[in-house]
Every structure is written in structure tokens, then in C-alpha cells.
Amino acid sequence: MDDYTIGVLTNIGLISFIALSAYLLIIAGEMSFGQQGFFGVGAYVAGVATAMYGFPLPVAAAMAMGAGAAAAFLVGLPTLRLRGLYFAMATLAAAEMFRIVFELIHFQREIDGEPVGPDGTQGFRGIRWVFENGVEPAGYLAMVWGLLFVVMILFLLVERSKLGATLRMLGEDPELARMLGVHVERFKLGVVAAAGALAALGGALYAHHNTYIEPRNFDIMLGVHALAYALIGGLGTAFGPLLGVLVDIGVLEGSRFFQGYRMIVFGGLVAVLLVFRPRGLLDEKVVHWLRARFISA
Amino acid sequence: MVKSAIYLCLIFSALPAFAQRVQAELACKPAKTDFIYDCTIKLARNGQPLAGAAITVGADMPSMPMAHNVKPAKAKPGKVPGDYEAQLDLEMLGEWAVKLRLSGPVKDQLILHYNFDEKGAKPVIRSGRPLRK
């Protein structure tokens, strides 16, 4: 594989984590415009852990997931009282708050005569774990997709379990779920924390792929894309967000056909899909039909 | 408890040892086609030009991470030791984080922030000072 293909596939893998985190919230009945905030928390925590304190990447990624889950839990506590558009606005405000905090953090250590660590708007350079440990681009691609594979297996297991059924019921009709004995608030808080952890894992991997992060990386654009990927791909299965990412980055970008017009095409695609297929390409009906035809047969 | 503290101290003190890092400068001028730039990269280490490096040049937009996948270009050695030349095919004007992936005598990735316009590329100034390389 050439450098370009490896780069595109790595980006598809990385952005899938945040798309899946947005998807998880959508099927639980909440739409978040703020998953980029937790992606950023993960990126900064993991970057600090490896570049400033010499932790290995797997430990740093676990720390990032913990921090992402904790941050999402704290954001979820007050915001889950809100519904629909108000919740979406609150999550966007929280993500912007995180971004501004990243702009204000100046926390550096001198390593071999060079300051390393977050330096406000100047960003955070020198997240070199991948280079120091001789991980080649193809190896890092395998690492990203290996983790994504594990996440997908977990999603598929959850979707086929009682937990998955509860999750979808919660998204469809929270009052019914409450009447059937589900503690709606506690359950949603758990989902919000899990989605935060997932986004943070993506952020940790992104920081180490890029070697440099800055607050601007985590602005609303990333959150809108994450949500759009989930909506384009479809809400019937966890493969939906992956399909959404593949359509945008893989087909629109990878083809180079649309070049600078890609964002216009992408915006148009989202608008058309929301009109004709409001629950995406792989919606519940399509997934049911595919299952009946190929799995049950 | 004491054992855990010792382990923690060991982990915290086991910071990676770095060699002197590579410094890079970029100078770009627009080619005849829109959004294509001819760039010269100057690499130095310990104040001395760094020759013999293999450089792959890519770019990403900081405000839209991972959304633009600029085709990486292999840089060719320039006329002077430490100089390398590459052509960048960007999708639009604006701020780009140019990624220099180095292999050969040194393995590293350097990120240089430049504003690309019709005249060429200028280093990005943030909070009143240019971004550190």
C-alpha cells in the first residue's frame, strides 16, 4: 500500500471512533454536537501521558478513555435533563468550553532541552511515541483498525443483547422504558460516559498519528462531521457510521474527483439523505431485510 | 505501597531519550495551476544542514482534521545540502499544517503551519508569535 492509501485508511479508522460515539448517543435518543470535546480530552490526556511522562500508548489510551468517560459523565449530569435541540445545544456549548480550556492550558516540561506539553493556542507538539517505538504507518493503521474491530464486535454483541434492545427502546420511547422498569436517567448517563470514552480513544489515537494537536482541531466542524457520518451511514447497525465515513472520506475524498467542491457535495448529500432517508442508508428496515435475507436464510 | 511508589517513580523517570531534534523551514511559491505550490524545505540539525533524509510531504487543515487527505509527495534533494524540493497539491487556500515525515538518518514527523494564498506561503502567527516548529 502506498503512503496515500495508508493515510486515507488511517483517517477513516480514526474518525470512525467519533462517528460511532455520536451513533451510540443517537440510538439512545440523544443528538450530540459535542463529541469533539471528548475526542480532544482523549487527545490531550494521552499526549501528556506518553510525551511528558513516558507512559506506553496502551496505558495512555486507557487513561484517555477514563478521562473521556469522566468528562462526558460530568457534562451529562446537568445536560441530560434537557431534551432534543436543547441537549444538542448544551453539548455543543460544553465542547466549546473544552476547546477554550485547551486554549488556556500551558503545562510543559523540559525534555532534552525542549519544552514539551500543551502550550495554549500554540498547540501541543512532540507526541512522538509512534516514532520512538519504531511503529511504521502500516503498523499504526493495523493498530487503529484492530481497535476499531474490537469496538465493532462489542457494538454487535450489545446490539444483539437485552442491553441493545433496552438502548433502542430508550431511544424510541423513554416513557415506555421507564414503565418497564428501566432507570432512564442512570442508563442514559452510562451511555453518555461510554460514548465519551469511545470518542476519547479516537482522540488518543489521532494525537499519536498526527504527533501534534491544537485546540482548533476540536471545534464544531469535527462534531458536525461525526454526527453527519452516523446519519448518512444509517442508524440500523453500527456499520452505519463506518459506511458514512467511507462514503465521505473514502469515496468523495479518495476519488479526488470533487476536489475543493467535496464539502458542497457532502452538504448536499446530507440534506438529500435527511429528506429521503432520515435514518440513513443502513436504517432499521434495510438491516432487518438484510438479516432476513442473508443471516436467517 | 512503597513498592508501588518505586514503580511509579521508575515509570515517571523513564522518559524517552531524544537526539537533538531536526529543525525545518518551508518556502513555497504558487505553480501555474491553482492550489499547487512548489516548495523548498530546509532541514537542519545542531545548526548543520541535514542531507540524505527521505521526506514525504503531506498536509492537513487544522480546523478540519482528517477531512482533507492531500496526496503525500516525495521530496527530492535540492541544489544545496539540506535543501529538498516538493510540489504540494492543496485543495484550497488557507491555513495548512504541512507534515514532513522523515526517514533515513532520522525518523520523525515535523508539523509546519503555513497560510497559503495566491502569493505563496507565510508562517502562521498565533497569540502574537509564530507557531513553534
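Q: At what angle do helix α2 and helix α4 of chain A pack?
A: This is a predicted model, and in it α2 (residues 35–52) and α4 (residues 84–104) of chain A pack at an angle of about 30°. Their axes are 8 Å apart.

Q: Is α2(A) parallel or perpendicular to α4(A), roughly?
A: Roughly parallel. Angles under 35 degrees count as roughly parallel, so about 30° puts α2(A) and α4(A) in that group.

Q: Nice. Which residues in α2(A) and α4(A) meet?
A: From α2(A) you have Gln36(A), Gly37(A), Gly40(A), Val41(A) and Tyr44(A). They meet Ala94(A), Ala95(A), Phe98(A), Arg99(A) and Phe102(A) of α4(A). By type, the residues of this contact are six nonpolar, three polar and one charged.

Q: What about the largest nonpolar core: how many residues does it have?
A: It has 125 residues. Helix α1 (residues 3–27) of chain A gives the most to this core, with 15 residues. Ala64(A) and Ala200(A) have the most contacts inside the core.

Q: Which residues is Ala64(A) in contact with, leaving aside its neighbours within four places in sequence?
A: One of them is Ala200(A).

Q: Switching to chain B now. What order do the strands take in its open sheet of five?
A: The order is β5-β4-β8-β9-β10, and the pairing is antiparallel. The edge strands, which pair on one side only, are β5 (73–74) and β10 (121–123) of chain B.

Q: How many bridges does β4(B) make with β5(B), and how many with β8(B)?
A: There are two bridges between β4(B) and β5(B), and seven join β4(B) to β8(B), which is residues 94–103.

Q: Last one! How many residues does each chain put into the contact between A and B?
A: Chain B puts in 28 residues and chain A puts in 34 residues. On the side of chain B that touches chain A, α1 (2–13), β4 (54–60) and β9 (108–116) each supply at least two residues. β9(B) gives the most, with three residues. That side of chain B has 15 nonpolar, six polar and seven charged residues.

Key:
Residues are numbered from 1 along each chain as its sequence is written. Chains are lettered from A and ligands numbered from 1 in the order in which they are written. This is a predicted model: local features need pLDDT of at least 70, side-chain atom pairs count only at pLDDT 80 or more; totals for chains, interfaces and linings use all residues. A nonpolar core is a set of buried Ala, Val, Leu, Ile, Met, Phe, Trp, Tyr and Cys residues joined through C-beta atoms within 7 Å. A residue is buried if 20 or more other C-beta atoms lie within 10 Å of its own, exposed if 12 or fewer, and partly exposed in between; C-beta atoms are placed from the backbone. Helices (H or I, at least four residues) and strands (E, at least two) are DSSP runs, numbered from the N terminus. Two residues are in contact if their C-beta atoms, placed from the backbone, lie within 7 Å. Ala, Val, Leu, Ile, Met, Phe, Trp, Tyr, Cys and Pro count as nonpolar, Asp, Glu, Lys and Arg as charged, and the others, Gly among them, as polar. Two strands pair if DSSP finds at least two bridges between them. Axes are lines fitted to C-alpha atoms, for helices over the stretch in contact, and angles run from 0 to 180 degrees between N-to-C directions. Angles under 35 degrees count as roughly parallel, over 145 as roughly antiparallel, 65 to 115 as roughly perpendicular and the rest as oblique.
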